Amino acid sequence: MNEAETPVQAPDLHAHNLVIDCANHDVVVPFWTAALGWEPVRVNEQFGLLRAPRDDRAAFDILFQKVPEPKVVKNRVHIDINIPDGAEMARLQRLGARVLQEIHDAEGRLRWTVMADPEGNEFCAFLPRE
């Protein structure tokens with residue numbers, strides 16, 4: 001049996017937190033709290049946390065870590081969210097998100113929208129497929 005045929009054993013680990021660097025978690029935590037409806041938890045001066053509701057399918061929390069350096073390039077990791085309609089897209093913008101780019105398929109239908117939170121951290125918003 002070669003490596004490609006070797007059964008994969010599930011490791012005894014799980015995702016604990018998704019960590020996002022920020023300049024000020026007092027700016028991004030309220031945005032993401034309102035956007036997702038998750039519970040904010042003030043950890044200390046360096047960290048702010050969003051705790052996923054127990055009935056949410058997320059298996060981890062989001063930890064926002066204050067860092068001294070500014071964001072200068074595209075995130076290497078980002079959050080994808082499903083939204084029900086354009087009204088939700090407008091609500092995210094009222095909360096402080098910005099539309100960066102709309103991605104369309106070959107037929108010109110909107111597939112997803114790349115957005116940024118109030119500090120510029122990218123995330124993608126997906127509308128239901130028609």
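Strand 6 (residues 98-104) and strand 7 (residues 110-116) pair up antiparallel over six bridges. Strands here are DSSP runs of E at least two residues long, numbered from the N terminus, and two of them count as paired if DSSP finds at least two bridges between them. The model is a predicted one, with local features needing pLDDT of at least 70, side-chain atom pairs counting only at pLDDT 80 or more, and totals for chains, interfaces and linings using all residues. Residue numbers start from 1 along each chain as its sequence is written, and side-chain values use heavy atoms, with hydrogens and water left out.

His104 has Leu110 of strand 7 as its bridge partner. Five residues sit between strand 6 and strand 7 in their hairpin, and Gly108 there takes a positive phi near 85 degrees. Strand 7 also runs antiparallel to strand 8 (residues 122-126), joined by four bridges. Here Ala116 is partnered with Glu122 of strand 8. The hairpin of strand 7 and strand 8 has five residues between the strands, and Gly120 in the turn shows a positive phi of about 95 degrees.

Another part of the picture is an open sheet of four strands, in the order 1-4-3-2 and with mixed pairing. Strand 1 (17-22) and strand 2 (39-42) are at the edges with a single partner strand each, so one side of each has no neighbour in the sheet. On average, neighbouring strands of this sheet are turned by 25 degrees against each other, direction ignored; the axes are lines fitted to C-alpha atoms, and angles between N-to-C directions run from 0 to 180 degrees. Within the sheet, strand 3 (residues 47-51) and strand 4 (residues 61-66) run antiparallel and are joined by four bridges, with Gly48 opposite Phe64 in strand 4.
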